[in-house]
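Me: I would like to learn how to read this model, feature by feature. Please give me the general idea first, then the case at hand.

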Amino acid sequence: LTGMELTANFNNGSTMVLNGGYSYTPDTLTTNDSAVTLTYQGLTTTFAVTVLEPVINEIEVTTPPVKTTYLTGERIDVTGVKITGKYTNGVTEDVTDRCLFTPAGELTLEDTEILVNYNGIITSIPITVAMFAPVMISVIQLPDKKTYLQNESLDVTGLIAKITFNDGTTTQSLNGESLTITPTENLQLSDSTITISYSLNGVT
């Protein structure tokens, strides 16, 4: 009842602002209540109130997801996240299962956050997205042909190379497929090695 001023009118015409000594009902308001009754020395008065159903008006990321660092082409993973909803009466509730997390598609370098949406109330989780790229290439098996005559062209049949990416995955190239191999011209007496490379997303 903070801010309320209650005045008692006596039968001699005098008045007094009451600073206490009165009671009121109900003690705890519900949505069924429309008035508060004040009682002082057996006399009562009422005033109207409007009691609103508490609603969630704010959400908070109380526990971030385990994964917040991604490579391009991956999709968001919100495992471990906890979203707490805050009601207008101060009560909190776990609303994680009722939230929508975006973006839903493959991540790009432009993505910097996961948006969390609960009934139009939005917050965000910062993420980092790096380019998916090769980090190492190694030869598993040499080409079948290793001895040449001058002016012969290079033959990489039988070559098996392994490409390792920055997410730890690997792939194999057979017979030079998807690789850049030099020299590309007919071999000369000065040629003693071949160079292989692999490029993806501008990274070699």
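Me: What radius of gyration does the protein have, and what would a compact globule of 204 residues have?
Reply: The radius of gyration is taken over C-alpha atoms, and the globule rule is 2.2 Å times the number of residues to the power 0.38. A compact globule of 204 residues would come out near 17 Å. The protein has 37 Å. Its C-alpha atoms fill a box of roughly 130 × 25 × 20 Å along the principal axes.

Me: What ground rules apply to the model and its numbering?
Reply: The model is predicted, so local features need pLDDT of at least 70 and side-chain atom pairs count only at pLDDT 80 or more, while totals for chains, interfaces and linings use all residues. Residues are numbered from 1 along each chain as its sequence is written, and side-chain values use heavy atoms, with hydrogens and water left out.

Me: How many helices and strands does the protein have?
Reply: Both are DSSP runs, numbered from the N terminus: helices are H or I with at least four residues, strands are E with at least two. Here there are zero helices and 18 strands.

Me: How do I read burial and surface?
Reply: Buried means under 20% relative accessible area, exposed over 50%, and partly exposed in between (1.4 Å probe, protein chains only). Of the 204 residues, 24% count as buried. Accessible areas come from the Shrake-Rupley method with a 1.4 Å probe; for residues, only the protein chains shown count as cover. The total is about 13400 Å², and 49% of that belongs to carbon and sulfur atoms.

Me: Which residues does Thr 164 touch?
Reply: Contact means heavy atoms within 4.5 Å. Leaving out residues up to four places away in sequence, Thr 164 touches Pro 134, Val 135, Met 136, Thr 169 and Thr 170. Thr 164 lies in strand 15. Its relative accessibility is 13%, so Thr 164 counts as buried. Across the protein, take the contacts with a separation of 6 or more: residues 24 or more positions apart account for 40% of them.

Me: Is Leu 149 buried or exposed?
Reply: Leu 149 counts as exposed, at 63% relative accessibility. It is found in the loop between strand 14 (134–141) and strand 15 (160–165).

Me: How many salt bridges does the rule give?
Reply: Side chains of opposite charge can pair when their charged atoms come close. The rule asks for a side-chain nitrogen of Lys or Arg within 4 Å of a carboxyl oxygen of Asp or Glu. The count comes to five.

Me: Where do Glu 58 and Lys 86 lie?
Reply: The two side chains meet in a salt bridge at 3.9 Å, N to O. Glu 58 lies in strand 6 (residues 56–63) and Lys 86 in strand 8 (residues 82–87), so the pair ties together parts 28 residues apart in sequence. Glu 58 is partly exposed at 38% relative accessibility, and Lys 86 is partly exposed at 24%.

Me: Which residue forms a salt bridge with Arg 98?
Reply: Glu 93 does, with the closest N and O atoms 2.5 Å apart.
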